[in-house]
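These are my notes on one protein model. I looked up a few places and wrote down what I found at each.

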Amino acid sequence: MYQTLIYSVAGPVATITFNRPDRLNTIVPPMPDELQDAMTKANRDPEVKVVVLRGAGRSFCAGYDFSGGFRHWDDQLTTDGKWDAGKDFVMATAQSESPTQKFMSIWRSPKPVIAQIHGWCVGGGSEMALGADIIIASEDARIGTPYARMWGCHLSGMWIYRLGLAKAKEYALTGKPVSGVEAAEIGLINKAVPFAELESEVARLAEQLASIPVSQLSAMKLIVNQAYENMGLASTQMLGPILDGLMRNTPEALEFIELAETQGVGAVTTLRDTPFGDYSTAPKEEQPDPNNVIIA
């Protein structure tokens, strides 16, 4: 029994559903460990050929939960209440400790993973989703990296490797979100469909993939993955989380998280997003439809 997700199997398809809908499935311990464990279950089940990754409620995943001052990661990041750069370095780089590397169990899975995106898919949530093999989003979904403006850095590198140089730089520097439609247009994801068609579209694709032998799926996934590994993916993933730790502890970042702790996440996100008019400050027509809900 998991605390942060639901694992289920129907025929040849395993489904992993993030299940913190009241918090937009934001990332807290033990989600990275539970995701890695669920991926291991799927890969060890001889009946499973495809994995679907999705989120319950109004969003796929709204990134790392930094409410309450990010204290739920203190054991891994602090000593005597203060940031411990040594601990952060180990957490960022050790495969046994790094949340990013645990999320990369999606990438390393020999079986194909389809990410089903709706609502908010931002920050660390986008890092997870972009590690999947095929990504299908609802048209009104919003995918982005608000940490690009404050308190973070690219973790998995997938925003870089999935885009060409011009777009990779644009989104790295601005952190602006894209809709599902825009994400498909720029090649960040595979396809965007109306929310009403999202689950059926993912199910149709999963059924198609399940008609192919697992060995064939694994071979084709491996050859593509290896090409990107040869481009230095592992080195990027080592540098990114180290820079993320530094960016969480600049004077501006410490002020940011203190404000989040004392005045609430809404106060700091409004301050962060107002110059761009997006995320928390976007007009309703530029935000995901809150009525689009996935039932776990």
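**Entry 1: the largest pocket**

Which element gives the largest share of the lining of the largest pocket? I note first that the model is a predicted one. I looked up the lining and found that α14 gives the largest share, with five residues. Helix α14 covers residues 265-273.

I then looked up the volume, and the largest pocket holds about 980 Å³ of space. Its lining is made of 46 residues. A62, G63, Y64, F66 and V122 are the ones that lie nearest the centre of the pocket. I also listed the elements that give two or more residues to this lining: α3, α4 (99-103), β7 (120-122), α12 and α14. Sorted by class, the lining has 24 nonpolar, 12 polar and 10 charged residues.

**Entry 2: the largest cavity**

How many cavities of 30 Å³ or more are there? I found one. The volume of the largest cavity is about 30 Å³.

I wrote down the residues that line the largest cavity: T100, F103, M104, E127, M128 and S156. Helices α4 and α6 (124-129) each supply at least two residues of this lining. By class I have three nonpolar residues, two polar ones and one charged one.

**Entry 3: helix α3 against helix α12**

Two packed helices are described by the angle between their axes and the distance between the axes. I looked up both values for helix α3 (residues 85-93) and helix α12 (residues 233-247). Their axes come within 9 Å and cross at roughly 150 degrees. The crossing of α3 past α12 is right-handed.

Which residues make the contact? From α3 I have D88, F89, A92 and T93, and from α12 I have M238, P241, I242 and G245. By class, the contact has five nonpolar residues, two polar ones and one charged one.

**Entry 4: backbone angles**

Where does the chain have a cis peptide bond that I can note? I found one from P29 to P30, with omega near 5 degrees. P30 sits in the loop between β2 (13-18) and α1 (31-44).

L24 is also in the loop between β2 and α1. L24 is not a glycine, yet its phi is positive, near 55 degrees. Is L24 buried or exposed? Its relative accessible area is 19% and the limit for buried is under 20%, so L24 is buried.

Y279 has a positive phi too, of about 45 degrees, and it is not a glycine either. I found Y279 in the segment after α14. Y279 counts as buried because its relative accessibility is 4%.

I looked up A10 in strand β1 (residues 5-10). Its relative accessibility is 56%, so A10 counts as exposed. How many residues lie between A10 and E47 in sequence terms, and what is their distance in space? A10 and E47 are 37 residues apart in sequence, and their C-alpha atoms are 9.4 Å apart.

Next I looked up V193, in strand β11 (residues 191-193). V193 counts as buried because its relative accessibility is 5%. Leaving out residues up to four places away in sequence, V193 touches I136, A137, S138, E139, L198 and E201. I also took the distance to I295, which is 102 residues from V193 along the chain: their C-alpha atoms are separated by 18 Å.

The last one was I134, in strand β8 (residues 134-138).

Definitions and conventions. Residues numbered from 1 in each chain as written. Predicted model: local features only at pLDDT ≥ 70, side-chain atom pairs only at ≥ 80, totals over all residues. Heavy atoms only, no water. Axes fitted to C-alpha atoms, helices over the stretch in contact; angles between N-to-C directions. Helix = DSSP H or I, 4+ residues; strand = E, 2+ residues; numbered from the N terminus. Left-handed = near helix turned anticlockwise from the far one by under 90°. Contact = heavy atoms within 4.5 Å. Nonpolar A, V, L, I, M, F, W, Y, C, P; charged D, E, K, R; others polar. 1 Å grid on protein atoms, 1.4 Å probe; cavity = no way out; pocket = protein on both sides within 12 Å on 5 of 7 lines; lining within 4 Å. Points joined across faces, edges and corners; volume = space filled by probe spheres on them. Buried < 20%, exposed > 50% of the residue type's maximum accessible area, 1.4 Å probe, protein only.
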